[in-house]
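Open the model in your viewer and keep the selection panel at hand. The stops below go from the chain interface to the domains and then to a pair of helices.

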Amino acid sequence: MKASLAFRIWISLLGWGAALAMFFPVAWMVLTSFKTEIDAVATPPLLFFHPTLQNYFQVNQLGDYAGAVWNSVVISFGSTAIAIALAMPAAYAMAFFPNRWTKDLLLWILSTKMMPAVGVLMPIYLICKSTGLLDTKTGLIAIMTLANLPIIIWMLYTFFKEIPGDIIEASRMDGAGALAQIRVVLLPLAGPGIASTGLLAVILSWNEAFWSLNLTAVHAAPLTAFIVAFSSPQGLFWAKLSAASTLAVAPILVFGWMTQRQLVRGLTFGAVK
Amino acid sequence: MRLLKNAAFAAFLLATPCAASATTITIATVNNSDMIIMQKLSQQWEKQTGNKINWVVLEENVLRQRVTTDIATHGGQFDVITIGSYETPIWAKQGWLAPLDNFPASYDYNDLLPQVRSALSVGNKLYAAPFYAESSFTMYRKDLFAKAGLTMPEQPTYAQIEQFADKLTDKSKQQYGICLRGKPGWGENMAYLSTLVNTYGGSWFNMDWKPQLTTAPWENAINFYVNLMKKDGPPGADSNGFNENQALFSTGHCAMWIDSTAAAGKLEDPTQSQVAGDIGFVKAPIAVTTHGAGWLWAWALAVPSTTKHEKTAESFIAWATSQQYIDLVGKTEGWVVAPPGTRTSTYANADYLKAAPFAKATIAAINAADPNHPTLNPVPYTGVQFVAIPPFQQIGTVVGQDMAGALTGRSTVSAALQSAQDSTTAAMKQAGYLK
Amino acid sequence: MSGPQTPMAHRGTKLMRTWPLLTPVVFLLLVWSIVPLLMTLWFSFQRYNLVDPTITGFAGFDNYKFLLEDPAMLAAIFNEVVLVGSVLAITIVFGVAFAILFDQEFWGRSIARLFVIAPFFVMPTVSALIWKNLLMNPVSGVFAWITTKLGFGAIDWFTNYPMAGIVIIVAWQWIPFATLILLTAMQSLDREQMEAARMDAARGPQLLRFVIMPHLARPISILLMIETIFLLAIFAEIFITTSGGPGDATTTLTYLIYLRALVNFDVGGASAGGVLAIILANIMAFFLVRTIARNVNI
């Protein structure tokens, strides 16, 4: 059935209205980053002004942006890769060979994620200190891996459930070992699911601000720590804040936009039957 | 030509031995504009000495939690830390800071302002070198006062402040008679409110460490504050801290603002402020007594005792808090933004006095603040806008939330004070000050 | 047809085969959850304040007593529930609406969709700062300007509606996630079934009730669970906008523990709070996850 023209116009208006409303704060942030500090707090708010790049220069002068981006990339991709490698066999085992403890095991795995980070900061801090992991990328990757592991296992599990057990059974009959089954049968079938799990985990650890702030100083400080240097300095700071925020958000936003097709394809959570 | 050769030779000399002994130090500092200038200029120090600096620049609250966790667990992540006059005496007594008592003679300890130096010393030993210091005073818009035919006295009283604020409030033009801190926090609203309570004749504790928050001076002071802000303050006052108020004042929304003397440099800078040149500076207002009406705070650089690079760290601090550094800022960044409130010589410098119309009011306010006798009646503690005991951060933060609640009308003043009294009593019991 | 494809292998061999696959993960998560938990438990019975080393010794149940006697405690649990509940409700409603909307063909849909999901990529710290300073500020914010123009006057969000302000910010960040998941689910909805329903003269609301909602039930359940886990840990938004105030209007349990741990540096008290939060979270996990687990048929 072809939708009528009027309907299409209405839907377009509605869709774009929603899109612009959701995007407005981000757009306004980008806009403000090109204003002078005085213009940034002007009332009424200025839509037209003399754009300046000054804020970006100042932000770059003060913080090590490139270093922070590099740390963010290493930490979020590193931890995601390790977590997926760890989670695949476990999710495979639970999805295709469940026993009477599988359900409880899954629930327990998920409940470890509910531990409030602030409550255990001191123990983790002391452990990191005594193992020399404070302010190292290794330490942060380890923590992010563990923090995201439950969600990753859970997501992979739901994807694997979608794959008919017969296929696995058939390959097992052919004498393929567990790892071979994962490689030959599972990877191609659950590829989109694994990709979107990975993307989601990257985004979550990229934006994680508690551990990355409290366990780093110089060598491992990612973008979430970078932004804190601009969050409320004395004086007018809104334009500089916007510039720093734009810089901090830009890489992951672009990455997310580029990969959104993969992200969406995998986020089915068992809805497709 | 010879000059050039000499310079090249000198550079060579400097470079060679340093390449061997170069150390890298890690400095944790707050993201205030004065520190940002320090970060920029420290490249010169790096060049002169061949050492390298890793900067950790954080917002004040985050800095405090990072530095405190590190120093208390002997984490040893930082070689130089930025702390305030609240932490310095407490941490020095616990042996967490290395004394800074053997800087070269050129440092001239006696040039430091005596009040500031004593606030950062324990047993006559300096434990943190002042980077800049501040008191509080009254800032007002001379143009608005003139237009309304009002004159600000040299020493205003709070009754006068209220009259002025009533006259100068015009909410239709988003012009508010007075801006004051309302954002909860021991270093935010409670810093200001402590001075208000002091001048109303009150104190945090009596000589037996019993909390005094339900006494008449607190009732009067907080009632005055809540009424005044309701009548003449800007909307959203309970989330306005120093920064928010500075933004309001510099965009012309406030007729008066009682806050840090360190705000003045930015308000007089036309690139950051629309009201530069129209601002007058007088003493902090008083009510019953002059004791503790204006606060005293210093941001200072200290060396944790866990550092492995004590010598280098000290040499950096000696450089960054010296008179030469202040000159350097004056010459390269403009005198108006030179770090205020640390050295007598700054206030004898003609260039500085010319560039900074607020200089006299600032030094007068700092000299008048006496952290050792902050209140009308004797108290067992030191500190004007804080109480220099470990549990105060907790107490100040919780009480700050109660006061913000009273400001929004969520609770009555007396209920807020009662709840503050209860939580303070509990905290003091837990910390062992009360039986 | 929602039944999982029940594997058929022989019970005996299964255990043998799967334990090497499960052990590494189970071991790591066990260490990750038990070691800090035990340390937290130990600290919660100690007098331990970071900034005051003179306070030492065994505290018995004192830390728990101080915690439970604190009037902020009940308020904090209540606030936590309000925050999580409202954000869940808003994100589901908007998520479903946006999913249906963006399932329709319209001009520039793929670009519009990029705009809608953008907030999900913004760090919580950044979005809180932007909303507080650039949008919701009652004097120079954009919202104040708009509402004043419309004649309502400036809304003073964090004074008068602090919780609503935070809920809006958090919901803004999570609506895209809900939209993404539900949109994916929508696109898998059988088109022929939709058309058939439409032929049967099913109107919008009926279509929603009898065709779309049943189809979205499973993804919504999963969404609820994942979001709850993350929403319970909400911290940056509160820290930056209201610092838990005014009064204790926006102090959640997480924030209360933060105050104890990193403002008071009272490790003993914070640990007691942490233990309590872990217990509450597990109670909640027990009920929530079980209800949802039944729904999604794990």
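Two residues are in contact if their C-beta atoms, placed from the backbone, lie within 7 Å. This is a predicted model, in which local features need pLDDT of at least 70 and side-chain atom pairs count only at pLDDT 80 or more, while totals for chains, interfaces and linings use all residues. Residues are numbered from 1 along each chain as its sequence is written, and chains are lettered from A and ligands numbered from 1 in the order in which they are written.

Begin with the interface, where 27 residues of chain B are in contact with 25 residues of chain A. On chain B, select helix 10 (242-250), one of the elements that give two or more residues to this side; helix 10 of chain B supplies the largest share, 5 residues.

Next, colour chain B by domain: domain 1 covers 17-127 + 297-355 and domain 2 covers 136-295 + 372-430, with bounds from an automatic or database domain assignment. The C-alpha centres of these two domains of chain B are 29 Å apart, and their contact takes 9 residues from domain 1 and 11 residues from domain 2.

Finally, select residues 392-407 and 413-430 of chain B, helix 16 and helix 17, whose axes come within 9 Å and cross at roughly 170°. Axes here are lines fitted to C-alpha atoms, for helices over the stretch in contact, with angles from 0 to 180 degrees between N-to-C directions; helices are DSSP runs (H or I, at least four residues), numbered from the N terminus. Helix 16 of chain B is therefore roughly antiparallel to helix 17 of chain B, a term used for angles over 145 degrees.

Methods:
Angles under 35 degrees count as roughly parallel, over 145 as roughly antiparallel, 65 to 115 as roughly perpendicular and the rest as oblique.
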